[in-house]
Amino acid sequence: MAALSRKWDPLFVLVLGSLVFSCKGDVLKTSNDRTESISATKIEESSPQAADLGDLRQSDEAESNEDRKAFTPPPPNDQFQEEMVIRPLYSGDIYASFQFRTQWDTDFLHDGKKAVSHYRLFPKSLGQVLSKFSVRELHISFTQGYWRTMQWGQPFIPSPPGAELWVWFHHTVTDVDGNWKELTNVLSGIFCASLNFIDSTNTVEPSASFKPLGLGNATDHRFLRYATLPREIVCTENLTPWKKLLPCGSKAGLAVLMKSEKLFHSSFHSQAVHIRPVCKDWQCTSTAWELRQTLNVVFDLYTSGQGKKEWSLFKMFSRTLTEACPLASSSKIYVDVTDNPGGELFDLSPSSPLISTAVVLGDRRTYSVYDLTKKETFGQLRSLNLLLRWKGESDDMLRPPLHAERYVSGFGLQKGEIHTCLYNSHPYRAYPVLLLDSLPWYLRLYVHTLTVTSKTRENKPSYIHYQPSKDRLRPHLLEMLVQLPPHSVTEVTVQFERALLKWTEYTPDPNHGFYIGSSVISALVPSIVAMDTNSTRDRPLFSSFFPTKEESSYFMRVYTEPLLVNLPTPDFSMPYNVICLTCTVVAVGYGSFYNLLTRTFQVDEPSAPLAKRLANIIRRLRGVPLL
Amino acid sequence: SLISLTSVAFLLRGNCKHVRTKDSPPNICGFNLILVPDIKICRLVNVKTVIPMVQLLNWRRGLFPQTKMAAPLTLVLILSVTIRAVLFRSSLAELISERVEVVSPLNAWKRGLFCYYVLQENNISLFFQTPLVIYLFHFVVDYAEIVFMIVDGITAVALYLAVQNYNKNVFRKQKYALEADRYPHDCLELMRSPKEMHYIPLKVAMFYLLNPFTILSCVAKSTCGLNNAVMALFILSTLKGSALLSAIFLALATYQSIYPLTLFAPGLLFLLQRLYIPVNPCRSRFWFFTVQYSVMFIGSLLVIVCLSFFLLGSWDFIPSVYGFILSVPDLTPNIGLFWYFFAEMFEHFRFFFICVFQINVFFYTIPLSVKLKEHPVFLIFMQIAIISIFKSYPTVGDIALYMAFLPVWSHLYRFLRNIFLVSCVLLACTALFPVLWHLWIYAGSANSNFYYAITLLFNVGQILLVSDYFYAYLRREHHLSQGLYLRRKDGSEATLVLK
């Protein structure tokens with residue numbers, strides 16, 4: 001083994017050298033070159049003791065002192081993991097969830113303005129943004145379609161339809177609103193999305209619903225900004241920049257599967273980026289930055305599967321897997337086989353000997369694991385094409401413990417009522433949920449009409465935070481803590497009035513209506529099984545996103561449907577007419593008063609006819625008496 | 001004496017029905033004494049004027065018929081309270097309280113309640129209403145219905161007393177003018193008789209209390225009723241000659257909705273007239289009183305504003321109430337001219353037109369004060385009418401206040417040119433408002449232009465109504481100085497024109 005490693009050493013040094021050089025140019029250049037990555041894979045495979053790239057690079061740098069003076073080398077402490085979870089859904093649809101995690105033991109903020117200049121796995125475009133705007137935590141998601149909790153269960157990482165962005169700024173930031181505005185514009189450029197439409201009219205500062213998910217117990221919500229764009233359409237132009245943030249791009253690893261024509265031909269598509277500070281190791285002596293890129297997609301039984309309950313990687317993504325991303329320290333595929341212990345529900349081929357269990361979303365699930373870093377996974381054909389073939393009909397799904405829906409009631413364009421129904425399906429446990437509603441100012445919300453009823457009885461929220469809207473400046477923010485009785489429906493209603501806007505404030509299709517962002521329901525739901533509170537243990541990525549503090553409950557976030565609300569519209573074709581007509585009426589008023597004010601009454605003396613006047617002129621000339 | 005009256009009337013070839021004893025004042029013993037010098041005049045003029053003349057001259061001797069008017073007024077009050085109570089209890093109350101014609105963002109009970117709630121629960125000051133009104137909510141929120149009915153009653157009684165007082169003044173002036181023989185002799189037709197004027201205060205109270213507009217406004221619990229009460233009290237205290245109370249109520253009304261500021265001029269003119277101070281800038285007494293009244297007004301305004309500040313601990317209400325009134329950010333449809341105009345306005349002209357439209361409301365004060373400086377009460381009427389037509393968030397409650405004054409000018413009826421047309425327009429518009437609103441908002445078969453057209457027509461109707469009354473008033477004054485039956489130079493009947 002040692003001989004083998006010695007034999008590989010020169011090549012190894014060479015490859016690493018080229019890696020270092022490629023990074024020198026301050027450009028985010030992931031080693032996309034196919035040959036290079038292949039050789040790197042070989043190295044990793046062949047020399048396990050030298051697998052830690054950082055150590056070697058350090059020795060490499062020790063040899064070249066000039067290099068060290070020229071730039072500070074990146075700390076040899078970043079790692080990349082990728083994984084994909086496939087969960088067959090009860091409805092016959094299939095849910096695929098990708099997670100890519102890059103962890104980097106550096107600190108953008110404490111280094112101050114001199115900032116990190118050397119990037120390896122972490123995308124430089126995001127790193128610069130983080131340090132420039134002193135961002136502590138950043139969560140952004142783009143979603144097309146609505147997650148149907150009642151049919152599909154719970155997603156691993158929930159997201160509302162449209163775009164959602166929430167950011168915790170570092171507490172040293174003085175001008176949070178200014179930073180937020182610039183940040184949204186920059187992100188808008190990075191993700192090719194309309195995030196620049198986020199302004200003060202749709203930004204709120206939730207007081208309780210969005211706590212930092214990473215390290216640090218920031219509670220001052222002045223440093224938090226939350227905004228949604230429910231109308232944002234997600235498409236290929238958002239996926240491409242998102243893929244470019246991955247160390248391997250879409251050239252190798254799981255990202256190969258992301259072909260946009262397949263991904264967007266689905267019932268639900270959600271892509272997200274989550275950046276947060278995490279513990280570097282189990283002692284938590286120092287912090288590291290974690291970048292999680294997630295992509296969730298639900299393929300529809302009928303549109304993508306042609307009605308046949310038969311799925312394969314190729315059918316879903318029109319690609320098969322041939323390799324892991326060479327830069328990834330782990331690359332795995334999990335297939336949820338909890339409901340299929342004896343293989344009576346579906347066939348999974350090729351089958352995997354590896355079985356892992358994880359506690360996720362309050363339930364213990366069993367997964368078949370395919371490790372892509374292992375050669376045998378790919379078998380004889382050197383490609384992995386997972387195939388799921390249903391055999392039996394699945395029984396009804398267990399109702400998720402919490403779900404919510406929302407609708408507008410009432411008719412006409414004058415007023416309405418927003419109903420939010422919160423379902424607690426837990427048979428015997430009551431638990432509190434935080435409901436957050438951010439409504440635009442043009443719905444004039446009458447908070448004093450707020451009613452919360454569960455089981456036909458009034459259920460007074462124990463905490464209500466309401467920030468009134470200001471016309472054309474800021475939206476309504478309504479947050480409340482509601483205790484949901486066991487096995488009940490809690491209905492929250494509030495009345496509103498629809499405003500008439502200026503004609504320039506309407507969207508180009510005003511009669512389509514205005515989208516109102518989802519309500520956010522955050523809750524600590526009682527768990528059926530004990531949750532894993534040991535955050536340091538190596539767990540699959542999908543089960544470790546929301547930190548768990550206690551064993552008895554787990555954190556859950558549910559988004560309701562966005563609303564489509566019609567507003568009364570003026571006639572857009574006649575501004576000139578209106579200006580003319582109204583001014584005429586004012587002029588009628590002005591004119592009639594002016595007339596009466598400036599003139600006086602006089603007896604009307606009709607002037608003599610023309611002939612008489614002419615005759616009189618002649619008579620005057622002649623000197624005879626006038627007529 | 002009754003027999004003698006009848007005989008005299010017959011002597012004068014009078015019609016018997018004009019001298020029915022039940023119409024006659026109860027105490028008429030002085031009749032014979034004063035009849036003799038007046039018969040000369042009476043012979044010259046139309047017979048119809050004889051009886052009013054008799055009554056007029058009776059009044060001169062302190063024999064003005066003073067029947068008890070409290071009973072009918074009480075009756076009207078009870079009737080109006082019953083109507084309101086029934087409506088409050090019916091299912092219509094909620095419907096009415098959401099009508100855009102009846103409530104505006106500034107005076108809607110729902111918004112007030114909302115501000116009150118937000119202030120109480122979250123301690124956030126958010127205003128559509130002035131802080132004092134919101135503070136008032138604290139006390140009245142549980143018995144709002146009774147309070148609004150009482151407020152309407154107060155307004156009616158204040159208007160009743162004010163008009164009674166005004167009529168007395170009118171009589172006194174007419175008496176002096178008659179005694180000084182200042183009127184041309186053919187103008188006796190235009191003289192106002194006690195009989196005709198007897199019921200005017202009651203009619204005013206009725207016009208206010210039983211006006212559907214007031215009833216709707218009250219049932220909707222629009223705080224417009226409060227503003228009207230403050231204005232009515234201002235008018236009452238002015239007509240009673242109490243400068244301090246007048247200034248205080250004017251300050252309150254101004255505090256509530258800026259626009260009553262224009263009533264400063266008629267209030268001052270009336271008080272000056274009452275104190276026999278000529279409006280002459282060269283006289284120190286004029287300036288002394290003007291400064292005195294202004295100081296009282298500004299002082300009480302400051303006190304009220306500071307009181308609001310101490311109640312809330314912030315000045316937020318100034319921009320959010322007065323900025324809201326002046327810059328018209330809320331374009332909810334109403335019966336006024338602002339909403340659609342500024343919904344359709346080009347952005348770069350918005351500021352200009354807001355200035356124009358707001359100046360328009362205040363602008364008429366100066367020329368009207370100059371023209372009507374001898375007639376401050378009519379000036380008050382004109383100002384209230386102009387405010388309710390041209391203000392930024394008008395409601396039917398505002399219209400009800402100036403419409404209550406129409407009986408006071410019933411003697412102008414003969415000079416009104418198009419009262420029939422205008423009444424028809426106003427009635428038709430009132431009926432069409434809910435119809436077109438329904439078509440636009442609920443049925444979706446009409447668009448905003450329909451409702452807008454009706455607001456335009458309604459405002460034209462109001463403008464014509466007010467300018468017609470103005471015309472009639474000026475014309476009557478002209479006739480009182482020039483004679484009723486004017487002749488041309490050649491002796492033919494003349495027509496009067498404005499030149």
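Arg111(B) and Asp330(B) form a salt bridge in which the closest N and O atoms are 3.2 Å apart. The two residues come from distant parts of the chain, 219 residues apart: Arg111(B) belongs to helix 6 (residues 109-122) of chain B, and Asp330(B) to the loop between helix 16 (317-327) and helix 17 (338-343) of chain B. A salt bridge here is a side-chain nitrogen of Lys or Arg within 4 Å of a carboxyl oxygen of Asp or Glu. Helices (H or I, at least four residues) and strands (E, at least two) are DSSP runs, numbered from the N terminus.

The model is predicted: local features need pLDDT of at least 70 and side-chain atom pairs count only at pLDDT 80 or more, while totals for chains, interfaces and linings use all residues. Residues are numbered from 1 along each chain as its sequence is written, chains are lettered from A and ligands numbered from 1 in the order in which they are written, and side-chain values use heavy atoms, with hydrogens and water left out.

**Salt bridges**

Over all chains, the count comes to 34 salt bridges.

| Pair | N to O distance |
|---|---|
| Arg99(B) and Glu101(B) | 3.1 Å |
| Arg111(B) and Asp330(B) | 3.2 Å |
| Arg417(B) and Asp468(B) | 3.2 Å |

For accessibility, buried means under 20% relative accessible area, exposed over 50%, and partly exposed in between (1.4 Å probe, protein chains only). Arg111(B) is buried at 2% relative accessibility, and Asp330(B) is buried at 1%. Arg99(B) counts as buried at 16%, as does Glu101(B) at 7%. In the remaining pair, Arg417(B) is exposed at 52%, whereas Asp468(B) is buried at 1%.

Arg111(B) and Asp330(B) also take part in a network of salt bridges with Arg444(A), Asp471(A) and Glu497(A).

**Chain B as a whole**

Chain B has 23 helices and one strand. Of its 499 residues, 58% count as buried. Its accessible surface comes to about 21,300 Å², and 67% of that belongs to carbon and sulfur atoms. Accessible areas come from the Shrake-Rupley method with a 1.4 Å probe; for residues, only the protein chains shown count as cover. Among contacts (heavy atoms within 4.5 Å) in chain B between residues at least 6 apart in sequence, 75% join residues at least 24 apart.

**Features of chain A**

In chain A, three strands form an open sheet in the order 9-14-11, with antiparallel pairing. Strand 9 (310-312) and strand 11 (346-349) of chain A are at the edges; each has a single partner strand, so one side of each lacks a neighbour in the sheet. Two strands pair if DSSP finds at least two bridges between them. Strand 11 of chain A is joined to strand 14 (residues 387-390) of chain A by four bridges. Ser349(A) stands opposite Leu387(A) in strand 14 of chain A.

Leu610(A), Leu614(A), Ile617(A), Ile618(A) and Leu621(A) form a nonpolar surface patch with about 540 Å² of accessible area together. Patches are made of residues with over 30% relative accessible area and no salt bridge; like charges are joined within 9 Å, nonpolar side chains (Val, Leu, Ile, Met, Phe, Trp, Tyr) within 5 Å. Leu621(A) lies in helix 12 (residues 610-622) of chain A and is exposed, with a relative accessible area of 72%.
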